[in-house]
Amino acid sequence: MTTAAAPPRVPEAIHRRRWAILGTLLLALLVVVLDNSILNVAMKTIATPAPVGLGATQSDLEWSINSYTLVFAGLLFTSGLLGDRFGRKRALLAGMAVFGVASLLSALAASPGELIGYRALMGVGGALAMPATLAIIMNVFERSEQPKAIGIWAGAVGLAIAIGPITGGLLIEHFWWGSVFLVNVPIVVVAVIAMVILVPESKDPNPGRMDPVGVLLSIIGLVALIYGIIKGGELADFTVVEAWAPTLVGVVALAAFVWFERRTPFPALDVTWFRDKVFSASVVVVGVIFFALMGVSFFGVFYIQSVRGYSALQAGLLMLPMAAAQLLFAPRARLVVDRLGVAATAAGGMLLVALGFVGYVVLTATSPIWVLVVLGLVMGAGMAHVMPPVTVAIMASLPREKAGAGSAVNNTFRQVGGSLGVAVLGAVLSTVYRDGMADTLTQLPEGLRDKAGESLEATLAIADRLPGGQALITPAKDSFIHAMHVVASLSVGVSLIGAAAAWFLLPRRPAAPAGPGGQVPEQRGQEREAAAADA
C-alpha cells in the first residue's frame, strides 16, 4: 500500500525564509554565549586592581559568572512557559532588549558588586531569549529539516566560543575591561531589528489555565538549589549551613513541584514526560557533559594565562580549536546519527570528551603548546556529536506546541549541570590547591596567608608585591597543576558515566522530530502499527 506524503505544516511564506529566520535566531544565541566566553578571558583583567580592573577577588569572579547562571537557570523554565503561552517572538524580543540594556550597564560598572548585579539582569534577558530560539526553530522548519537546523543551532555555540575569546582578547589589549560587555549592544540592536522583520509569532494554541503555584515552586526550587551548590563551591565546603540549607530548600521545593504537578489538572510541566526513557536520558546526558566542561573552562584560562604566561588574546586563540571543531562537526552530526544511531553517536562523543580530559591529566607547565590544540580539537569534536542528537531527541519526545517548555527543560538541565561543574569542580580545585600550598604559605605574614591561599591568581598577586615573593611562584604553579590534574581526573569519570548513560538509554535509531500536531512518540508508534496493518 502506498501512503500519501504528509502535507507541510509550515506556511509557505514562512518556509521560504526559514534559513534567514534561523540566521536571525543565531544572533540571539551568539550574543548570549559570546558574553560568557568573553568573560572567561577577561577574568584575569577584572581581578587586577583599579584603574586597570575592578580588583575583584576570586569569590567576585565566581559570582560574576554565577549570578548570571543563578538567574538564568532559575527563570528558564518559567520563560519557556511564558513563550508558549503569550508568544515566543515576544519573549525573544523582550529577552534581547533586557540583555542589551544590562550589557551596557555591566560595561559601566564601577565595582565588583555592581558588575555582579548587572550580570544577574543579563541572566533575566538570556532566560527569556534562549528557550524561544529552539522553540521557534521547531515551528518554522519541517520535521525532515529539523535535525539539520538543530545541528546548526548547536554549532553556533562553537562559533560563539571561537569568536568570544579572540574578541575578548583584542578588546582587553586595546580597550578597558568594560568593552567586553559593550560589544553586545550593537549585536543586540541588529538582532532585534532582524527579528521584528523576519521572525513569525508562534504560541501554544491550547495552553490551558495558568499554574502560578507550579511556576513559583519551580523558581524557588531552582534558585535555591543552584545557590546552595554555588555557595558550597565558593566555600569549598558543602557541609556548612550556608550551603546545605538552601540546597535542602531547593530539593524540597522541587519535590513539592513534582508532587503538585502530578495532581493539578493544568500543570506547568507534564512530569509524565520523564517517563519517556529517551527524554530522561537525553536531559541527563546534557547535564553531565556541561558538568564536566564548565569545570575545565574555568581552570583552563588560568592554566593558559597564569601558568603558561600567555596574553588574553593568545588565550583566546588557544581556545579556537575546540570551538572550530564544534562549528565544523555539529551541523554534520546528523549524518553520523543516520549511520550509527543516536546512542552510538552520543556515547562516542562523550568518550572523545573523556579522552580530552585524560590529556589534561598529563599536562605540565612545559608541555608543548600543540598538545592544547589537539585536546581542544578532540573535545570540540566530542561535544559536537553529543549536543545535536540529544537535543533532537529531547524535542522529538514532545508535542511541538510545547516546544518552549521542552527547550527550557533542555537548557535548565544544561545550566544546573554547568553550575554543579563550576561549584563542585571549583571547590575541589580550590581545596587541593590550598592544601598543596599550606607549607609554602607559612613563610608569609599571618595576615596574608588566607588571602594568598584563595587561588593561584591571589598567590601570584601577593608574590609580586612582597620582597622575595618570587619564591612563591614555582610552588604555586606546581600546586595549581596538581589541582588541575585532580579535577580533570574527576571529569574523566563523569564523562564516562555520561557515555554509559548515552549508550544504554538513548535509542539505537535516529529520533524523528515531532510530527504534525506535535505527536508524541507513543502516537507515532500507534500510527506506524496501523499503517503496517493496512499494508
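**Aromatic pairs and a helix packing**

The structure holds 3 aromatic pairs. The model is a predicted one.

Trp19 and Phe141 form an edge-to-face pair. Trp19 belongs to helix α2 (residues 18-47), whereas Phe141 sits in the loop between α5 and α6 (146-174). The pair therefore ties together parts that are 122 residues apart in sequence. Trp19 has 32% relative accessibility and so counts as partly exposed. Phe141, at 0% relative accessibility, counts as buried.

Tyr68 and Phe72 make up another pair. Their ring centres are 5.4 Å apart. The planes are at 15°, so this pair is stacked; the cut-off for stacking is under 30 degrees. Both residues lie in helix α3 (residues 58-86). Because they are 4 residues apart there, about one helical turn separates Tyr68 from Phe72. Tyr68 and Phe72 are both buried.

Helix α4 spans residues 88-107, and helix α5 spans residues 112-140. The two pack at an angle of about 155°. Their axes are 7 Å apart. Angles over 145 degrees count as roughly antiparallel, and α4 and α5 are therefore roughly antiparallel to each other. The crossing of α4 and α5 is left-handed. By class, the contact of α4 with α5 has 18 nonpolar residues, along with 7 polar and 3 charged ones.

How values were computed
Residues numbered from 1 in each chain as written. Predicted model: local features only at pLDDT ≥ 70, side-chain atom pairs only at ≥ 80, totals over all residues. Heavy atoms only, no water. Axes fitted to C-alpha atoms, helices over the stretch in contact; angles between N-to-C directions. Parallel < 35°, antiparallel > 145°, perpendicular 65-115°, else oblique. Left-handed = near helix turned anticlockwise from the far one by under 90°. Nonpolar A, V, L, I, M, F, W, Y, C, P; charged D, E, K, R; others polar. Phe/Tyr/Trp six-rings, centres within 6.5 Å; stacked < 30°, edge-to-face > 60°. Buried < 20%, exposed > 50% of the residue type's maximum accessible area, 1.4 Å probe, protein only.
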